[in-house]
Every structure is written in structure tokens, then in C-alpha cells.
Amino acid sequence: MASIAVTVGAPTQATVGIVIVSHSSKVAEGAADMVRQMVGDSVRLGYAGGDPDGNLGTDVAKIMAAIDQAWSEAGVAILVDLGGAETNSEMAIEMLEADRRDRVVICNAPIVEGAVIAAAEASGGSSLDVVRRTAEELSVQ
């Protein structure tokens with residue numbers, strides 16, 4: 001039984017939403033649970049993991065649903081685990097309506113640590129660019 005996405009609360013002001021995309025539904029759900037427990041319900045949160053059959057992989061439709069769940073006028077930051085998750089996230093972004101497309105970014109950051117720090121930054125009202133940069137500071141150079 002794999003969940004596609006979850007909304008964690010409804011923030012009172014527009015804060016950047018966070019999406020976690022993993023090849024494993026359990027990893028995506030677990031990372032989302034960590035974000036929820038550490039940051040609370042101050043940011044919108046979505047996650048997508050696994051292929052349509054519940055196996056390892058990613059699915060563009062699940063990613064689009066997670067973006068919808070996390071959608072905020074302030075934008076959405078996506079954290080991915082592997083190259084295929086990034087590729088499918090890029091395809092999902094391209095399939096968004098033009099007015100949303102420019103407000104969704106993929107962060108080059110570790111999925112768990114990046115999601116937690118991005119959500120913490122977003123909860124403080126930071127812009128999409130600041131949320132992305134803060135998460136990416138965790139990347140190995």
C-alpha cells in the first residue's frame with residue numbers, strides 16, 4: 001500500500017512547499033515523516049516513491065500529484081534521490097501549466113537532510129531561491 005502524497009497542514013501564509021521523490025515509496029514516506037516531525041505543519045509537503053506497480057522506480061504522474069499536494073504560490077522545492085527521480089521530476093515540471101513551471105525547482109541536495117533543512121528554511125518564510133540554496137549547501141563539493 002503506497003501513498004502518493006500527503007499534505008501536512010495548511011500554512012497561514014504562502015511558504016515554499018517541499019516534495020520528496022525517491023525510487024522507494026518507503027524512503028519517500030520516511031523522509032516526509034521526518035520533515036513533518038521536525039518542522040511540523042508549517043509547510044505543505046508531498047512525496048512520491050516507487051513505480052506504478054509498487055516496485056522501485058519513479059513515476060511522473062505520482063510526482064505531479066505530489067507537486068499538487070505541496071503547491072504554494074511561493075513555489076515548490078523538489079528533493080530527489082537518484083538520477084531517474086531527477087529526470088522524471090524534470091518531466092513533471094515540464095508538464096505543469098506555464099504559470100507554475102517557473103515556481104518549481106529541483107534541489108541538488110541529499111534527500112533526507114536536504115528536505116529537512118529546506119522545510120525548516122521554508123517554514124521561516126524564505127523565498128524559493130533561498131530554500132533551494134540552503135538545501136544545496138549540504139551537497140558534497
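At what angle do the axes of helix α1 (residues 25-39) and helix α5 (residues 111-123) cross? The legends below begin with this pair of helices and describe a predicted model.

**View 1. The crossing of helix α1 with helix α5.** The two axes cross at roughly 35° and come within 9 Å of each other. In this arrangement α1 passes α5 in a right-handed crossing. Two packed helices are described by the angle between their axes and the distance between the axes.

**View 2. Residues in the contact between α1 and α5.** On the α1 side, the contact is made by Ala31, Met34, Val35, Met38 and Val39. Their counterparts in α5 are Val112, Ala115, Val116, Ala119, Ala120 and Ser123. By class, the contact of α1 with α5 holds ten nonpolar residues, one polar residue and no charged residues.

**View 3. Helix α1 and its buried face.** Helix α1 comprises 15 residues and spans 21 Å from its first C-alpha to its last, close to the 21 Å expected at 1.5 Å a residue. Buried residues in α1 are Ala28, Ala31, Ala32, Val35 and Val39. Seen down the axis of α1, the buried residues fall within an arc of 100°, so they line one face of the helix. An α-helix has 3.6 residues a turn, so residues three or four places apart point the same way. The buried residues of α1 pack against strands β1 (17-22) and β2 (45-49) and against α5. Lys26 and Gln37, by contrast, are exposed on the other side of α1.

**View 4. Ala118 in helix α5.** Is Ala118 buried or exposed? Its relative accessible area is 0%, and because buried means under 20%, Ala118 is classed as buried. Leaving aside its neighbours within four places in sequence, Ala118 is in contact with Ile18, Leu79, Val131 and Ala135. Glu29 lies 89 residues from Ala118 along the chain, and the C-alpha atoms of these two residues are separated by 16 Å.

**View 5. Ser127 in the loop between α5 and α6 (128-136).** Ser127 has a relative accessible area of 39% and is partly exposed. How far apart in space are Ser127 and Ala74, C-alpha to C-alpha? The distance between their C-alpha atoms is 6.9 Å, although Ser127 and Ala74 are 53 residues apart in sequence.

How values were computed
Residues numbered from 1 in each chain as written. Predicted model: local features only at pLDDT ≥ 70, side-chain atom pairs only at ≥ 80, totals over all residues. Heavy atoms only, no water. Axes fitted to C-alpha atoms, helices over the stretch in contact; angles between N-to-C directions. Helix = DSSP H or I, 4+ residues; strand = E, 2+ residues; numbered from the N terminus. Left-handed = near helix turned anticlockwise from the far one by under 90°. Contact = heavy atoms within 4.5 Å. Nonpolar A, V, L, I, M, F, W, Y, C, P; charged D, E, K, R; others polar. Expected span 1.5 Å × (residues − 1). Buried < 20%, exposed > 50% of the residue type's maximum accessible area, 1.4 Å probe, protein only. Arc of directions from axis to C-beta.
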